[in-house]
Amino acid sequence: MRARLEIDKLVYGGDGLARHEDGAVFVPFVLPGETVDAELSTKSAGVRRGVDTEWISRSDQRTDPPCPVFGKCGGCHYQHMPHDLECSFKVEILRETLSRIGGIGWDADIPTVRSEPLGYRNRTQIHFARQGRTSQAGFLAARSHRLVATHNCDINSPKLNALYRAVERMAADRRFPSSLKTIEFFTDEDQVQVNLPRRAGPLPKRFWAKSASALGVDEPGRPLDYRCGEEVFQVSGRSFFQVNRFLAHRLAALAIGTAEGRLAIDLYAGVGLFALPLARRFREVVAVDSAPSAMRDLRFNARRAGCSVRAVHLDVDVFLDGFSGQPDLIVADPPRTGLGAPVVRQIVRLAPPRLHLVSCDPATLARDLKLLLAAGFALLELQIVDLFPQTYHIETVAILERRS
């Protein structure tokens, strides 16, 4: 069934929202005010998607995407609009989500920290599909394992694009291992780290021998020293690090702010992006993470930097349940699932005067803030750090303080 749809607004996830007699319809790659004719998908979770879209009217704010496979590759969602407009939509989406899920009417300004909207990524995954006796390199289509072949990615750094072209040439060689389906690169524009999925298994030695000259790497997972602001972080193959090479240090600065004191706790600490600069402001820093690779890197990074950080390898909820005392500051950067009620309860029990919460999902942020505000915290500031231009992802820094 096809339908004529008028796009009301953009929603989190990259789609536009249209109203239809049968309910809400989500349509990708549109702008508010546009009218489209689209095929309606089967209902899933009470909503439909608009596919096979034809435009009846287009917004005068629409721009031509720089990437020839935009709309086919699943990596980008917003290349059809100027970056300024993208940032303003993200602010609107954050406000609406806070109100709808958290009951939080935030009318104050939400500044957006921006970077170059292209060439910002320091990490990428390249996928391979067998074509006869050779392999083809590319990225994956949205909601699919279908390969989209291309020769460049506009949001990847220059080094990543050079690596892509090199591995594309390697894949065209019939000796390229057919078992290799995905390869990941991480770079500081000088050093290169290559990572393989855990299920990939061992690859032939001749592959790594050729990789040493073609890619500049001779084995997977070797740690890379990544400079971010004034700090240098060892990042191993299984460790998380922020992907925006222009804004990671700005995110750390905002998450820490001007706070200083006796004790700071860094929850979901990773390799120490926040813990190291915190250790230069606080007499004691406790950094907690459940990932063994990140903990090894954090301990090494603190030792090399001469920082006193107590690294605790535990799930955050388990650590908090056994911790007593009142920290001056808690900094938390949870995954997309957010803090959750058990962790919020423990934070409330510890009653830190300040809580700095970094979120990569507006919905779980709204849920967590609702719980924190009900428990006596006050929201002082909200800022967006646009770590993922051209995509729907929204990174938010929320500054809270505990009210008596």
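A residue counts as buried under 20% relative accessible area, as exposed over 50%, and as partly exposed in between. In this predicted model, Glu 189 has a relative accessibility of 28% and therefore belongs to the partly exposed class. Glu 189 sits in the loop between β10 (182–187) and β11, and its phi is near 75°, a positive value in a residue other than glycine. Most residues other than glycine have a negative phi.

Ala 351 can be read alongside it. The phi of Ala 351 is near 55°, again a positive value in a residue other than glycine, and Ala 351 lies in the loop between α8 and β18. With a relative accessible area of 15%, Ala 351 is buried, because the cut-off for that class is under 20%.

Ala 351 follows helix α8, which spans residues 341–350 and has Val 343, Val 344, Gln 346, Ile 347 and Leu 350 as its buried residues. Viewed down the axis of α8, these buried residues fall within an arc of 165°, so they line one face of the helix. An α-helix has 3.6 residues a turn, so residues three or four places apart point the same way. The elements that cover the buried residues of α8 include the helices α7 (316–321) and α9, together with the strands β14 (261–267), β17 (329–332), β18 (354–359) and β19 (377–385).

Helix α3 (residues 205–214) can be described in the same terms, its buried residues being Phe 207, Trp 208 and Ser 211. They cover an arc of only 90° around the axis, which puts them on the same side of α3. Lys 205, Arg 206, Ala 209 and Ser 213, by contrast, are exposed on the other side of α3. Among the elements covering the buried residues of α3 are α2 (158–171) and β11 (192–195). After α3 comes Gly 216, whose phi is positive, near 80°.

On the α1 side the contact is made by Leu 94, Thr 97, Leu 98, Ile 101 and Gly 102, and on the α9 side by Pro 362, Ala 363, Leu 365, Ala 366, Arg 367, Leu 369 and Lys 370. By class, this contact has 8 nonpolar, 2 polar and 2 charged residues.

Definitions and conventions. Residues are numbered from 1 along each chain as its sequence is written. This is a predicted model: local features need pLDDT of at least 70, side-chain atom pairs count only at pLDDT 80 or more; totals for chains, interfaces and linings use all residues. Side-chain values use heavy atoms; hydrogens and water are left out. Buried means under 20% relative accessible area, exposed over 50%, partly exposed in between (1.4 Å probe, protein chains only). Helices (H or I, at least four residues) and strands (E, at least two) are DSSP runs, numbered from the N terminus. The arc is that of the directions from the helix axis to the C-beta atoms. Contact means heavy atoms within 4.5 Å. Ala, Val, Leu, Ile, Met, Phe, Trp, Tyr, Cys and Pro count as nonpolar, Asp, Glu, Lys and Arg as charged, and the others, Gly among them, as polar.
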